[in-house]
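Here is a short briefing on one protein chain. Look over the sequence and the structure first, then read the points below.

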Amino acid sequence: LARRTRGVSGARRLFARARARADCGWHVYAAAAALELRAHADAGEARKGAVQALDAALRRFPGAPDLVLHAADTLWRMGETANLRSLLSRALARGGDGEGGEGLV
């Protein structure tokens, strides 16, 4: 709704407010990535925004296996094989210990 009424910049401001809350979950970041993919006419900008949102989620919630699976699915659908390979390598190396704050790219 925020994107429709206030545009992409309004939706991004709303995302920034939501992410500042202590009870913000990784689903907010996933929704922001989906918004970036759908909101941009330029495919390059859409991919960049989605990868940045997923990267921020993975840094904030490194031990969330559902997030890793969601991010892997999104990267696969986007054709981001290099980022997908990096994500899966780090997730397997981490082995579920919740450590490792490296970014996607």
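A residue counts as buried under 20% relative accessible area, as exposed over 50%, and as partly exposed in between (1.4 Å probe, protein chains only). Buried residues make up 35% of the 105 residues in the protein chain. The model is predicted, so local features need pLDDT of at least 70, side-chain atom pairs count only at pLDDT 80 or more, and totals for chains, interfaces and linings use all residues. Residues are numbered from 1 along each chain as its sequence is written, and side-chain values use heavy atoms, with hydrogens and water left out.

**Overall make-up**

- The protein chain has five helices and zero strands. Helices (H or I, at least four residues) and strands (E, at least two) are DSSP runs, numbered from the N terminus.
- Along the sequence, the pattern reads α-α-α-α-α.
- Contact means heavy atoms within 4.5 Å. Take the contacts between residues at least 6 apart in sequence: 51% of them join residues at least 24 apart.
- The protein chain exposes about 6,500 Å². Carbon and sulfur atoms supply 53% of that area. Accessible areas come from the Shrake-Rupley method with a 1.4 Å probe; for residues, only the protein chains shown count as cover.

**Helix packing**

- Two packed helices are described by the angle between their axes and the distance between the axes. Axes are lines fitted to C-alpha atoms, for helices over the stretch in contact, and angles run from 0 to 180 degrees between N-to-C directions.
- Angles under 35 degrees count as roughly parallel, over 145 as roughly antiparallel, 65 to 115 as roughly perpendicular and the rest as oblique.
- α3 and α4 pack at an angle of about 165 degrees, and their axes are 11 Å apart. The two helices are therefore roughly antiparallel.
- α3 passes α4 in a left-handed crossing. On the α3 side, the contact is made by Arg47, Ala50, Val51, Leu54, Ala57 and Leu58. On the α4 side, Leu67, Val68, Ala71, Thr74, Leu75 and Met78 make it. A crossing is left-handed if the near helix is turned anticlockwise from the far one by less than a right angle, and right-handed if clockwise.
- Helix α2 (residues 26-39) also packs on α4: the axes come within 10 Å and cross at roughly 10 degrees. α2 and α4 are therefore roughly parallel to each other.
- In this pairing, Trp26, Ala30 and Leu37 of α2 meet Asp66, Leu67, His70, Thr74 and Met78 of α4.

**Salt bridges**

- A salt bridge is a side-chain nitrogen of Lys or Arg within 4 Å of a carboxyl oxygen of Asp or Glu. A search of the whole structure finds five.
- Glu80 counts as buried, at 19% relative accessibility. Arg47 is partly exposed, at 33%.
- Arg59 forms a salt bridge with Asp55; their closest N and O atoms are 3.2 Å apart. The two residues are separated by about one helical turn, because they are four residues apart in helix α3.
- Asp55 is buried, with a relative accessible area of 12%. Arg59 is partly exposed, with 44%.
- Arg21 forms a salt bridge with Asp23, and the closest N and O atoms are 2.9 Å apart. Both Arg21 and Asp23 are exposed.

**Individual residues**

- Which residues does Glu36 contact, leaving aside its neighbours within four places in sequence? They are Arg12, Ala46, Gly49 and Ala50. Glu36 is found in helix α2 and counts as buried, at 8% relative accessibility.
- Leu35 also lies in helix α2. Leu35 counts as partly exposed, at 22% relative accessibility. The C-alpha atoms of Leu35 and Ala11 are separated by 8.4 Å, and the two residues are 24 residues apart along the chain.
- Ala91 is found in helix α5. Ala91 is partly exposed, with a relative accessible area of 22%. Ala91 and Leu69 are 22 residues apart in sequence and 9.9 Å apart in space, C-alpha to C-alpha.
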